[in-house]
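I opened my notebook for another look at a two-chain model. Here is what I looked up, entry by entry.

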Amino acid sequence: MAFATSFESLVDVLAERVPAKSTLLAREHRRVDHGLLSVGLKLHCLGDGARFAPLIEALGGAGRVLERNLYKRSEASFCLVLPPTGSARVAVLLLECLADYTRAQIFNNPNVQLQVCSPGRLTPRSAAFLAIGFYMASDTLRTYALDDFATTVSRNAYHRGKRLVIYDGGMYGEFDCDFQWWARTENGLMVRDHLPFLTSRTDIIVGPGSPNDIININLLATVLMHAQAGEEGGYWQSLGELFVRDFSALLNRHLLLGALEAPWVCRTDFGGDGDPQSDEAFLAALQEIMVYARSEVSRLSRAGADNGILCEVQALLRTYRDIIGSITLAEQGERT
Amino acid sequence: MSYAHQPGSEPISIPEQIPNPAVRPKLPTPEPVPPPRQPVKIPQYRALWVLGCRGDRRKQWCRGFPVRVALWSLLTHATADGMFCE
């Protein structure tokens, strides 16, 4: 997956119409907040995407910006692959800049669907936590259909099936690993200058999304990736393991633990569980989650209660966000 | 739009997305209101000294207020509480 352009070229173009925010973007591009992972974004534009035409033209034209990539949502007219940023905060700022430049609504727009990318491949079980956590914590509870996840690589190229969570394209991908990685050593925090991944990513095909979705996915992907980091020694490893335990207990209380066993992500390249039967098994688990969340909405609106799974997931994410946010680089150690 | 229905029954329309009631929208934080400018008490001797100054120095001490303010406060015996704004 080739980036549409370099970050520097994008900022230069955006600066013509959005000078103040572009300056901030250029300054903050590679800044990593509290060891959270970097964030990549893809915009799948449905409809004609006419508002994006001047931007694409300014970046070098469709041939250079769009047509190098095979991948997009099946229904999309094009997919704009944005260069990654060091934090969710800057990713949101980048989308705000794009909205200002194009005068198109980007957040919560059914015609501009977001895909949020996180470095590293989560294990299938962690991918399930990521998907369920994202869904339950989102501002909106969506009714997904299987075809909402149909992409140009569902049945072709590297056969990713139709899933909410999708891995990278392997050796076909382009990956920017020049972001800090918070590692843990015997002496505490050690900040490495590069991510410990070559090309691997785990993405969520959000659909119409909000800033909150990007921030939540970034938090979930970070704690889950650090929990499984193993030899890489993610600084948040023990916190991530605690998160997995807490989230498992939460799902168990609501009798949803079995949903984790579904094939939330296609695990293998070139076939494997990217077949239609596996897609249906994934959809059954997703529907179980969607129905449970919707029944909670009905219950909350009737009873005016402030408990239940939706509130519990919010509280869980808030707790872990506060813990991570309370640790700063200056307090914890030296850059290496 | 998605539909869920039993075979033979009327389809039930389900909205594609509904707000998550557990997510409380963030209220915009109001701009901090600056406190009202407090009068600064200038002792009588300073008002006299200011009046005795010339040119730039007087302007500096009067902080942009005309000399007549200082003079007025002096003449009305209010100079102990005479007020010049910062």
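**Second largest pocket.** I sorted the lining of the second largest pocket by class and got 8 nonpolar, 6 polar and 6 charged residues. My classes: Ala, Val, Leu, Ile, Met, Phe, Trp, Tyr, Cys and Pro are nonpolar, Asp, Glu, Lys and Arg are charged, and the others, Gly among them, are polar. The volume of the second largest pocket is about 390 Å³. Of its 20 lining residues, A:Gln113, A:Thr143, A:Asp148, A:Pro208 and B:Glu16 are the closest to the centre. Strand β8 (residues 201-207) of chain A gives the largest share of this lining, 3 residues.

**Ground rules.** The model is predicted, so I note that local features need pLDDT of at least 70, side-chain atom pairs count only at pLDDT 80 or more, and totals for chains, interfaces and linings use all residues. Side-chain values use heavy atoms, without hydrogens and water, residues are numbered from 1 along each chain as its sequence is written, and chains are lettered from A and ligands numbered from 1 in the order in which they are written.

For pockets I used a 1 Å grid over the protein atoms alone; a pocket is an open set of points where a 1.4 Å probe fits, with protein on both sides within 12 Å along at least five of seven lines, and lining residues have an atom within 4 Å of a point. A volume is the space filled by probe spheres set on the points, which are joined across faces, edges and corners. Helices (H or I, at least four residues) and strands (E, at least two) are DSSP runs, numbered from the N terminus.

**Largest pocket.** I found a volume of about 470 Å³ for the largest pocket. Among its 16 lining residues, the closest to the centre are A:Asn212, A:Gln314, B:Val23, B:Arg24 and B:Lys26. In chain A, α7 and α10 (309-325) each supply at least two residues of this lining, and α10(A) has the largest share with 5 residues. By class, the lining has 7 nonpolar, 3 polar and 6 charged residues.

**Chain B against chain A.** Which residues of chain B lose the most area to chain A? I first counted contacts (heavy atoms within 4.5 Å): 12 residues of chain B touch 17 residues of chain A. The two chains bury about 1200 Å² between them, 57% of it on carbon and sulfur atoms; buried area is the accessible area (1.4 Å probe) lost on being put together, summed over both parts. The answer is B:Gln17, B:Ile18 and B:Asn20, together 42% of what the chain B side buries.
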